[in-house]
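Which helices pack together, and what lines the pockets beside them? This report takes the helix pairs and the pockets in turn.

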Amino acid sequence: MLSNPFAPAEPFGQAEKELDKRDRALREEHPDTAALRHRAHYLSEIGDLAGALEISEQLLAERVRALGEDHPQVLTTRHNLANLRGRAGDAAGAAEAFERLALDMERVHGPDYIYTVVSQRAAVRWREEAEGGSQGTE
């Protein structure tokens, strides 16, 4: 029996369903979320890293509520927040945040996903800084 060449293949059908689910979730995100993101970026740019951290934590909480823990925008927000934490002088906190993020990236996207690798490298970088530099590494 021949299959219909115009019918969507199962993997594509699943992908369309996932995209539709994500689009609905994004529409449910609070309208002020974009304002939070812009505010955090602005505060970071003018050097108010403590303020940027506070706003970014609010942004993360809002996105988790609206989109769920594993949504790509939530993972990106966690990446940005971890980086801000390190820039604000909390290298150990940044390392811990990137270590948790790398585990979640690997769980959600796999070990070879570019942002899994980026998160792992950032965790190592911030861990080295927290421990006083790259002592003992080559």
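Helices here are DSSP runs of H or I with at least four residues, numbered from the N terminus. On that numbering, helix 4 gives five residues to the lining of the second largest pocket, the largest share. The model is predicted.

**Second largest pocket**

This pocket has a volume of about 160 Å³. Its lining is made by P72, L75, T76, H79, N80, M105, H109, Y113, Y115, V118 and S119. Helix 4, helix 5 and helix 6 each give two or more residues to it. The lining holds six nonpolar and five polar residues, and no charged ones.

**Largest pocket**

The largest pocket has a volume of about 270 Å³. It is lined by 15 residues. Nearest its centre lie A40, H41, S56, N80 and L84. Two or more lining residues come from each of helix 2 (33-45), helix 3 (49-67) and helix 4 (72-87). Helix 4 again gives the largest share, here seven residues. By class, the lining has four nonpolar, seven polar and four charged residues.

| Pocket | Volume | Share from helix 4 |
|---|---|---|
| Largest pocket | about 270 Å³ | seven residues |
| Second largest pocket | about 160 Å³ | five residues |

**Helix 4 with helix 5**

How far apart are the axes of helix 4 and helix 5, and at what angle do they pack? The axes are 8 Å apart, and the angle is about 160 degrees. Angles over 145 degrees count as roughly antiparallel, so helix 4 is roughly antiparallel to helix 5. The crossing is left-handed. Helix 4 makes the contact through L75, R78, H79, A82, N83, R85 and G86. Helix 5 answers with A91, G93, A94, A97, F98, R100, L101, D104, M105, V108 and H109. These contact residues divide into nine nonpolar, five polar and four charged.

**Helix 5 with helix 6**

Helix 5 (residues 91-109) also packs with helix 6 (residues 114-130). Their axes come within 8 Å and cross at roughly 160 degrees. The two helices are therefore roughly antiparallel. This crossing, too, is left-handed. From helix 5, the contact includes A91, A92, F98, L101, M105 and H109. From helix 6, Y115, S119, W126 and R127 are among the residues involved. The contact residues are 13 nonpolar, four polar and five charged.

M105 and H109 of helix 5 take part in the contact with helix 4 and in the contact with helix 6.

Note on methods:
Residues are numbered from 1 along each chain as its sequence is written. This is a predicted model: local features need pLDDT of at least 70, side-chain atom pairs count only at pLDDT 80 or more; totals for chains, interfaces and linings use all residues. Side-chain values use heavy atoms; hydrogens and water are left out. Axes are lines fitted to C-alpha atoms, for helices over the stretch in contact, and angles run from 0 to 180 degrees between N-to-C directions. Angles under 35 degrees count as roughly parallel, over 145 as roughly antiparallel, 65 to 115 as roughly perpendicular and the rest as oblique. A crossing is left-handed if the near helix is turned anticlockwise from the far one by less than a right angle, and right-handed if clockwise. Contact means heavy atoms within 4.5 Å. Ala, Val, Leu, Ile, Met, Phe, Trp, Tyr, Cys and Pro count as nonpolar, Asp, Glu, Lys and Arg as charged, and the others, Gly among them, as polar. On a 1 Å grid over the protein atoms alone, a cavity is a set of points where a 1.4 Å probe fits but cannot get out, and a pocket is an open set with protein on both sides within 12 Å along at least five of seven lines; lining residues have an atom within 4 Å of a point. Grid points are joined across faces, edges and corners, and a volume is the space filled by probe spheres set on the points.
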